[in-house]
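Reader: Before I rely on the labels given to this protein, I would like to ask what stands behind each of them. Please show me the structure, and then let us go through the terms one at a time.

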Amino acid sequence: MAGSATASTIGLRVRRRFRAWINRRIPPSRVTTLNQRRIFIFPSKAGLFYALCMLVMLLAAINFQNNLSYGLTFLLFTLFIVAILHTYANLSGLTIRAVHARPAFPGQRSEFELQLERSRRGEHVGLRLQWPGGSPVSASLVDSDSLRLQMHLQVGQQRGWYSPGRLLIESSYPLGLLRCWSWIDLDLHALVYPRPLASAELPGLAAETPDGAAVLIEGSDDFFGFRDYRQGDSLRQIYWKGLARGQNVQVKQYVAYADRSVWLDWEMFTGLGTEQRLSHLCYWVLQFDAQGDEYGMRLPGVTIAPDCGERHRESVLRALALHGTGEPSP
């Protein structure tokens, strides 16, 4: 038991030091171009077997002093060296650019969009890209200078920003004898919304005005009636015809008819924890958005005016996702 604990501690230290080293060598960046500092290369399983066969052939050539065996061994060794250069060149100069990460709800799959750009020196064939825990995606840059890739990965269960980790990009082109790879951090994060939690009803529903209510708006074209003159009223709205008939000084009123604007408020769910409140509010945001209603949001320190549409929904969900995280909200 003690030996197992010691081995686990040593392994944890090694992983921490490796992460610190890789972070210094390949720091996070939205755009990364692979060069000698960022590329690693090592023989594959087939390459190790190939090297073992060359060693056996060399020992046989030395034992039997056979010139033909020497020639064949050195020819295969030269082929191995050339394969190293071509495998490295297949990744060298490749640029990977972070484009966009689609928001998602906890446990859903988010889409991470990347752009690959080839170097001026040549083509990039047989590339393989993979996030930790994700499915690999194959790509090649031969006939085009750039390529857009959509990679999908399941996000975590916590709201806020989700980091997929370092992206593995590798290739064993052209002979499969060597594996050339790089671990890059594209500084790409997906926004995870709160998990929607249904509630039977929305307590304390606040609305600016009931449906179809008349709201007094100065300058509107809809005439509503007259009222007595007040100091500060515009002279253009005075009812001059009535004044000419000997009536009291009156002004014209104009109105606009407003639709219902709902306010979703943090205080609607008193007695619940932070995550439960956010989940309930998220559920009602989706409900009002599906119905096409106007709605606003009041959170501690954040107020979003009533509106509707996709952009408004994303703004409200973003505020819910980042509440209490210290990240700026809209």
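**Strands, cores and contacts**

Author: An open sheet of five strands is found here, with antiparallel pairing and the order β2-β10-β9-β5-β6. Its edge strands, each pairing on one side only, are β2 (40-43) and β6 (137-141). This is a predicted model, in which local features need pLDDT of at least 70 and side-chain atom pairs count only at pLDDT 80 or more, while totals for chains, interfaces and linings use all residues. Residues are numbered from 1 along each chain as its sequence is written, and side-chain values use heavy atoms, with hydrogens and water left out.

Reader: What makes β9 and β10 a pair in the antiparallel sense?

Author: Strands are DSSP runs of E with at least two residues, as helices are runs of H or I with at least four, numbered from the N terminus, and two strands pair if DSSP finds at least two bridges between them. Strand β9 (residues 167-171) and strand β10 (residues 178-184) have five bridges in the antiparallel sense, so they pair by this definition. Within this pairing L168 stands opposite W183, and I169 stands opposite S182. The two strands form a hairpin with six residues between them, and G176 in the turn has a positive phi of about 80 degrees.

Reader: How many bridges join β5 to β9?

Author: Three bridges join these antiparallel strands, and R128 stands opposite E170 in β9.

Reader: Why is T95 called buried?

Author: Buried means under 20% relative accessible area, exposed over 50%, and partly exposed in between, with a 1.4 Å probe and protein chains only. T95 has a relative accessible area of 11%, and therefore T95 is called buried. T95 lies in strand β3.

Reader: What makes the link between the side chains of T95 and T33 a polar contact?

Author: A polar contact is a pair of N or O atoms within 3.5 Å; within protein, one must be able to donate a hydrogen and the other to accept it, and residues adjacent in sequence count only if both atoms are side-chain atoms. The side chains of T95 and T33 make such a contact at 2.9 Å, so the distance falls within the cut-off. Contact in the wider sense means heavy atoms within 4.5 Å, and, not counting residues up to four places away in sequence, T95 touches V31, T32, T33, Q115, L116 and E117.

Reader: Which residues touch the most other members of the largest nonpolar core?

Author: A nonpolar core is a set of buried Ala, Val, Leu, Ile, Met, Phe, Trp, Tyr and Cys residues joined through side-chain atoms within 4.5 Å. In the largest one, which has 34 residues, L94, I96, L116, L129, L167 and L186 touch the most other members. Strands that each supply at least two residues of this core include β3 (95-101), β4 (109-117) and β9. A second, separate core of 25 residues includes L264, L281, F288 and I304.

Reader: How do you know that β9 is mostly covered?

Author: Five of its five residues are buried. L167, I169 and S171 point one way from β9, whereas L168 and E170 point the other way, and all are buried.
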